[in-house]
Amino acid sequence: MTAARSGWALWGDRLLLAVTVLVAILWLLPVIWVVAMSLKPNAVLQQSTWGFIPMPFTLENYANLLQLATVPRWLVNSLIVAVGMTLLVLVVSSLAGYAFARLQFPFKRAIFVLMIAGLMIPEQAVFLPLHQMFASWGIHNTHAALMMPRVAVPIGVFLMMQFFRAVPRELEEAAELDHASRFTIFWRIMLPLSVPALTTLGLFTFIHAWNDFLWPLVSATDADMYTVTVGLASIQGNFAFTEGLGSVMASAVFASLPIVLLFLIFQRFIVAGVAMSAGK
Amino acid sequence: MADVALRGVSKSYGNVDVIHDVSLDVEQGEFVVFVGPSGCGKSTLLRMIAGLEEVTQGDVLIGGARVNDTAARDRGVAMVFQNYALYPHMSVRENMAFGLRNIGTPRTEIDSRIAKAAEILQLDSYLDRKPRAMSGGQRQRVAIGRAIVREPDVFLFDEPLSNLDAALRVQMRTEIARIHHRLGATMIYVTHDQTEAMTMADRIVVLRAGVIEQVGAPLDLYERPANLFVAGFLGSPKMNFLPGRITAAQGPEVQVEVAGGVRLPARVRPGSAAAGDTVTLGLRPEMLQVHPDGPLRGHVDVVEQLGHVQLVYATLPDRTAIVAELRDRRPPAVGTDIPLAPGPGLRHVFDAQGLAITLPEEVPA
Amino acid sequence: MTASPQARSVPLAEPRTRAPRHRVRRRDWLTALLFLAPFMAVYLVLLVYPLFLGIWISFRDWDLMGGDYGWVGTLNYQDLWTDRNFWAAARNTLWFVALTVPSMTLIALLLALAVHGPGRIRAICRSVFFLSSVFSVTVVTLVWAMVLSPDRGLIAPVVQFLGGTPVNFLGSPTWAMPAIVVTTLWWGVGLPMALFLAALGSIPKELYEAAELDHASRWSVFWRITLPSIRHTLILVVVLQIVGQFQIFGQPFLMTQGGPANSTRTLVQYIYETSFRDWLVGYGAAMAMVLFVLMMLFSMLQLWLGRQGDDR
C-alpha cells in the first residue's frame, strides 16, 4: 500500500505479521515433528518421541518401507487411480462443459438443471447403492471401480462451462470462418486456451482422488488393491505404535510426498481455482 | 471476388425487430461501409452476411447464389473482428495458417500466401510472435492478414479500428484503403465513425434502427442527404439545423424565416413546399462566415482553436445553438455578438417529416 | 421508408420464404449429443440411478451380499426412531457440526485477514496454512493422534512443563470430540481461507482509499467495508462447511473408532458399520437418506437466511 501510515499503525502491522508467522510455525510443527520421527531409529523413539531434529539420523525406516512391498504397491494403486480419474474427469468435464457453454440443443435448460441438482447429492447418499451395483457387476477390487464414481460428479463440468463462457465468442466465430469443425474448434482453440482451468481442475481432482477414503475403504477389500490412504489406515491400528513408530511415520511421509510436491509446484493454480469455484 | 446482395432481409429476436426489410447490392470489388449509431443493426447485418447470425426473413446472395442455409465457413467470406479474435496460443504464422490447414491447403501454398500477406502488411519480422507480445495496431494487421491469406470472395470488417488509439486509427484507415486498392476485393466495413465512412468508402450505407436511411457515394451523401438523420450524421462538426417557416414560395425559390425573423432564400424542389410550411434549414458549419452584413446574430459561447480552423459555438436570438467553422486566426471573443452570413454552398431544406426537399444542384467548382 | 433511393431493384432469384434450417440444426444437436454423452452416461448411471436405487433399497430388507428379502415399507425408518445408537450418532454429528462450522469460519477469516496482502512472508504463511489440507485423512489423524497422545505427544510435555497433568484427550468422553474438532480445523481451514482471500482480493482498493480519506478507523473499515464486501463468500463458506462437516467420518473412525463410550460415533460411521459390519444395507440406506435430507435442509436454511439479508 502506498498510503502513508502513522508510526502506530505501522507497528501494529508488524506485530500482526509477527503473530501470524508464529502461528504458521506452530501450524507446521506437527508436520516437522512427524518427518523428524520418520528419520529416527525406532529404538530411540521408544525412549522419547520429543524433538524436532532427527538426531540420531537414519533412513532405515524408509528402507524397511520399500522392502515391505505393500506400501509401494498401494502407492502405485493410488497413482493409477488418481491419474486415471483426473484424465477421465478432464475429458468428460471439458466436453460437457463446452456443450453447455456454447452449443445449442433441445432441452438444454432442463438438462442443465438436472446436472446442477447433482451437485447437491453427497457421496454418502449413494455409496451404499453404488457398492451394491459394483458388487453385482463383480468389479470391486479393480482400479476402474475406484476411479469411476467421482467421474460422475458435476462440479468439473460446471467449472469448465464457466471458463468456456468467458472465452470471447468472436474467437470461435473466427475459427468457424476458418473452416474449423466443432470438434476442431474445441480441440485446437478452446482446449489449448483452457490449460489453466484444466490444470486447476486436474489438481483438485488428483488431490481428491489421492485422499479419497470412504469409497476405497468399502470398494477395495483386497489388501493388494488398497490405495495408500486406506492402506495407511489399515496399518495404523495393528502396526504396533510402540515398536514400529518410525516406520509408521515414514509411510505417512512417503504417502504424502507426491501430493505435497504437486501442491508446492502448482500452488498458484490452486489459489486461482478457489477463486474460480467461488463463481466470480 | 464476388458481389453481395441482400433481398428484403429482416432479423428479429422474438418480437424485437433489429433489421427491417433491408435490400442492397454490393458490386464486385466495391468498398461499402455500413455506418450508423450504436444499436442501429449494422453489425448484425454484417454478421448475417458472414453467416454468424441466422436470417429471419429474406435472402442473402453471395456471387449470385443464395447462402441463407450455407454455413459461415462455406460462404467464401473472411471477417476482421473488433477485438481482433486472434488465437492467443498460436503464433502470427499459425494464426494465418489455421484456416488454410483446415481445408488441406498444401504447405508450400500456405507458406507463399503467408509470405505475401506479411509483405503487404509489413509483418515479416513478427511471424513467430504470439499476439500477446504485439501492439494493438500489429494485432489488427495480423487479423487482416489472416483474412487476406484465405483469399476470400468478400472481406467483412466489424469495427476493426475502434479499439485503437486515434493516431493509429488514422494510419490503419489509409492502410486498409491501400489494401483494398491492391487486392481489388469486395469489402464490407462496419463502423460508427462517420470519418472512417467518409474517407474509406466507395459507397456508404447509413443505417438507423435496422433500416437503411440512405445509400450513396460519400460526397453524394454529404452534399445531398436524404433526410435530417443522414444530414446530421455525416460531417463534423454537425450540420446546423435552424427551425424555420416558409414565408414565400415561387417555383423552386423560397424564403425561409429562421432565428426570429431572419429571412434566407433557398431552393427546393418545385411544389414540395408552400408558404406557411414548417421546415428545417440546414447549414454546414464551414459555409458560415463572419460578415458585417451577416443577418444571423450569434452570441459566442465557446471558441475551439484547432489551428487550421476555429470552431465558434454561438447561440442565435431564438436560442438555437449554431456552430461556425471559421478560417480566421483571430476568432471573435467569447461573450461578444457576431454577425454571421451563410456563404456560398447549398442551403438544405427539410420538410416537417425531416425529409430533404432541397433542389439538387451541381456544386459550383 | 424501407429501401433507399439509390438501392437498385433486382429480380428475386428465389421466392422469399422462411428458410428451412432443419438440416443445419440437426447436425448441431448431434454434435452436442456427442459432447454431452460421456458425462451424461456416467452421471446417470453412477450418480442419479444410485440415488434412486438407494431410496428403493431403504424401503427393503436388503443385506450386504445383495440379498433382497422384500419390501418392508417404512419399517427401516420406523426402526431409526427407536434406535438409541442412531440418535446418539445424530447428536454427535450435530455437536461436531455445531463446534466446527463457526470456529472454522472464524479462524479461516482471521487467517485470511492476517495473510492477505503483499510480501513474501505472507505468501509463505498462506502456503503453510493451505498445505495441511492436501494431506489425506489417514495422515492427518495419524499426526494428531500422536500430537494429542498423553505419553508420547507434543502437548503433554508442554502441559507438564507448566505444572499441569496431561490429559488423555482421545480417551475422554468430554475431550475426544473437541480434539477431533481441532484436528479437523487444522486439516480443513485451507479451503475456506483461500475463498476468503479471493473475496478480499476482489474488493476494490478505491474503497479503502476513500475510507482512509474519510478518517475511518481500522475497526470501522473492517465492519463497514470489508465484512459487507465479503458477505456472499461468508455465506458460501458456511454452507460448504455445513455440507462438508455433516459428512464427517474418517477423523473419529481412525482416531477413536467412535469411542470412548460412543461419544464420537458419527452418522456416516454408523451407516458404514450398520451396512458393512452388520450387513443391514437396507437400514443403512434409510439412514443415508435421513443424512441427505438433513444436509439439504441445513444448506437451504443457510441460503435462505443469506437471501433475507439481500433484501435490506
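Chain A is divided into domain 1, residues 7-47, and domain 2, residues 69-238. The centres of these two domains, taken over C-alpha atoms, are separated by 36 Å. The model is a predicted one, and chain A has an average pLDDT of 85, with 92% of its residues scoring at least 70. Within chain A, confidence is highest in helix α4(A), at a mean of 93, and lowest in helix α2 of chain A (residues 42-47), at 76. Where pLDDT is low, predicted coordinates should not be read in detail.

One backbone feature of chain A can be picked out. A:H179 is not a glycine, yet has a positive phi of about 65°. The residue lies in the loop that runs between α9 (169-177) and α10 (182-193) of chain A. Most residues other than glycine have a negative phi.

Chain A also meets chain C. To this contact chain A gives 68 residues, and chain C gives 68 residues. On the side of chain A that touches chain C, the elements giving two or more residues are α1 (7-38), α4 (70-102), α6 (123-137), α7 (143-151), α11 (195-211), α12 (214-219), α13 (228-238) and α14 (245-277) of chain A. The largest share of that side is the eleven residues of α14(A). By class, the residues on the side of chain A that touches chain C are 53 nonpolar, 13 polar and two charged.

Inside chain C, one helix pair can be followed in detail. Helix α3 of chain C (residues 84-115) packs with helix α8 of chain C (residues 190-201) at an angle of about 50°, and their axes are 8 Å apart. The two helices, α3(C) and α8(C), are therefore oblique to each other, and their crossing is right-handed. From α3(C), the contact is made by C:M104, C:T105, C:A108, C:L109, C:L111 and C:A112, and from α8(C) by C:P192, C:M193, C:F196, C:L197 and C:L200. Ten residues of this contact between α3(C) and α8(C) are nonpolar, one is polar and none is charged.

The residues in contact are B:R93, B:M96, B:A97, B:L100 and B:R101 of α2(B), together with B:I110, B:R113, B:I114 and B:A117 of α3(B). Sorted by class, the contact of α2(B) with α3(B) has six nonpolar and three charged residues, with no polar ones.

On the scale of domains, chain B is assigned domain 1 (4-232) and domain 2 (239-350). Between the centres of domain 1 and domain 2 of chain B, taken over C-alpha atoms, there are 38 Å. Their contact takes six residues from domain 1 of chain B and seven residues from domain 2 of chain B. Helix α8 of chain B (residues 228-233) gives the most to the side of domain 1 that touches domain 2 in chain B, with three residues. That side of domain 1 of chain B has three nonpolar residues, two polar and one charged.

B:P237 is in the loop between α8 and β11 (240-250) of chain B. The peptide bond joining B:S236 and B:P237 is cis, with omega about -5°. Most peptide bonds are trans.

Methods
Residues are numbered from 1 along each chain as its sequence is written. Chains are lettered from A and ligands numbered from 1 in the order in which they are written. This is a predicted model: local features need pLDDT of at least 70, side-chain atom pairs count only at pLDDT 80 or more; totals for chains, interfaces and linings use all residues. Two residues are in contact if their C-beta atoms, placed from the backbone, lie within 7 Å. Helices (H or I, at least four residues) and strands (E, at least two) are DSSP runs, numbered from the N terminus. Ala, Val, Leu, Ile, Met, Phe, Trp, Tyr, Cys and Pro count as nonpolar, Asp, Glu, Lys and Arg as charged, and the others, Gly among them, as polar. pLDDT is the predictor's confidence in each residue, from 0 to 100. Domain bounds come from an automatic or database domain assignment. Axes are lines fitted to C-alpha atoms, for helices over the stretch in contact, and angles run from 0 to 180 degrees between N-to-C directions. Angles under 35 degrees count as roughly parallel, over 145 as roughly antiparallel, 65 to 115 as roughly perpendicular and the rest as oblique. A crossing is left-handed if the near helix is turned anticlockwise from the far one by less than a right angle, and right-handed if clockwise.
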